[in-house]
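Keep the coordinates open while reading.

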Protein chains: 2
Amino acid sequence: MKKQISENVIQRLPKYYRYLKELTENKISRVSSKTISEALHLTASQVRQDLYQFGGFGQQGYGYDTEYLKNSIKEILGLDKEHNAIIIGGGRIGQALANYTGFYQENVLIKAIFDIETTHIKGVEGVEVYNVDFLDEYLKNNKIDIAIISVQKEIAEKTAQKVVDLGVKAIWNFAPTDLYFGGGVVCENINMSESLIRLIYKSRDLEKDD
Amino acid sequence: MKKQISENVIQRLPKYYRYLKELTENKISRVSSKTISEALHLTASQVRQDLYQFGGFGQQGYGYDTEYLKNSIKEILGLDKEHNAIIIGGGRIGQALANYTGFYQENVLIKAIFDIETTHIKGVEGVEVYNVDFLDEYLKNNKIDIAIISVQKEIAEKTAQKVVDLGVKAIWNFAPTDLYFGGGVVCENINMSESLIRLIYKSRDLEKDD
């Protein structure tokens, strides 16, 4: 039986996980819902309700076992298994992602980076560098769970659709256009420009209030 | 009088803006709420309701004037004015951001990049490179609207607080930890790890369904 978890809870899940990971790294073995709620700017009752869904049973006066709860959420999130990823687009963002070691901590292994021209891609240690012409063959011979799209806006949709057609089921999109896929394929869009625009909008309000 | 716009609409505003910009660039002068809703995966009635708030009055059978609506939203967003930004943290993400020309399109000018060591920062054309020791003096002598934080998690909060204390009111955070500020300061967190974790979680469901 699969539990239905709402989109809002899915948004908060990685925050709980990250915070519990920090606590266990700092050898803190118990935490109250109040402390969690303050750290993550949520209400304590929301935290209790959310964690109850993930098997987190806090004891009155003792709080939650951080290690148990972290591992429980890790398993729910699917981070206990390895996930192979490739990057398509070897520009600065693509290269930055190829080098980011934080993904390794989440069991995500960046296996290869593809571009139409590869001589400029440098210092991406442990990551194979290929011409994009080799993509079809590579995907037929390697089990890739996640394709990271960091190409130009104009070719993002076409590029993502191509890897989807070749069997990749999860797209992480960094191109400045949102991608959408039908059933059987999941996608997360990191739209930096939109975030920047929201920031400017909110700061405009500040200036007006002054 | 300032109109209250809900957080959900703020989330959608940049999407409308981006789509309308694409249409005007492609010389499309009118668009229906139906076409917008399909492109942005929203409902047509939601689009009509949202745009009505921004002075977008679609005519039955004619749709919206794309140029007028784009400019109206641009002004609401505050993108008609220039915003000066600095980057703190000259790692790969910081350097990628320093080079991204898309910000310039939104009237955001990246003026300088700071790090504890600057010799590795290369090819950031038009962006001044400074040692972070110079940050106080720089912020006293330059009007900076936005500080982009791309330092390590451990020093992100301290770094952001420092620029806030020096008068910067908008923080765009790329460090893998969420930052929060009280009244008078706005912040947008780009948490890539959380997005990746959500993607993995959603793809886990897919595998189970197979």
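The questions below go from the whole chain to the sheet, a helix pair, the core and the chain contact.

This is a predicted model, in which local features need pLDDT of at least 70, side-chain atom pairs count only at pLDDT 80 or more, and totals for chains, interfaces and linings use all residues. Residues are numbered from 1 along each chain as its sequence is written, with chains lettered from A and ligands numbered from 1 in the order in which they are written.

Q: How many helices and strands are there in chain A?
A: Helices (H or I, at least four residues) and strands (E, at least two) are DSSP runs, numbered from the N terminus. The C-alpha atoms of chain A fill a box of roughly 60 × 50 × 35 Å along the principal axes. Chain A has 9 helices and 8 strands.

Q: Which strands of chain A stand at the edges of the sheet?
A: An open sheet in chain A has 6 strands in the order 5-4-3-6-7-8, with parallel pairing; two strands pair if DSSP finds at least two bridges between them. The edge strands each have a single partner strand, so one side of each lacks a neighbour in the sheet. They are strand 5 (128-131) and strand 8 (186-189) of chain A.

Q: Which residue stands opposite A:I171?
A: Strand 7 (residues 170-173) of chain A pairs with strand 8 of chain A in the parallel sense, over 4 bridges. In strand 8 of chain A, the residue opposite A:I171 is A:C187.

Q: Are helix 2 and helix 3 of chain A roughly parallel or roughly perpendicular?
A: Helix 2 (residues 33-40) and helix 3 (residues 44-53) of chain A pack at about 110 degrees, with axes 8 Å apart. Axes are lines fitted to C-alpha atoms, for helices over the stretch in contact, and angles run from 0 to 180 degrees between N-to-C directions. Angles of 65 to 115 degrees count as roughly perpendicular. Helix 2 and helix 3 of chain A are therefore roughly perpendicular.

Q: How many residues has the largest nonpolar core?
A: Such a core is a set of buried Ala, Val, Leu, Ile, Met, Phe, Trp, Tyr and Cys residues joined through C-beta atoms within 7 Å; buried means 20 or more other C-beta atoms within 10 Å of a residue's own, with C-beta atoms placed from the backbone. Those with the most contacts inside the core include A:I148 and B:I148. The largest nonpolar core has 107 residues.

Q: Which element of chain B supplies the largest share of the side that touches chain A?
A: The contact takes 46 residues from chain B and 46 residues from chain A, contact meaning C-beta atoms, placed from the backbone, within 7 Å. The largest share of the chain B side, 15 residues, comes from helix 9 of chain B.

Note on methods. Contact = placed C-beta atoms within 7 Å. Parallel < 35°, antiparallel > 145°, perpendicular 65-115°, else oblique. Buried ≥ 20, exposed ≤ 12 C-beta atoms within 10 Å, placed from the backbone.
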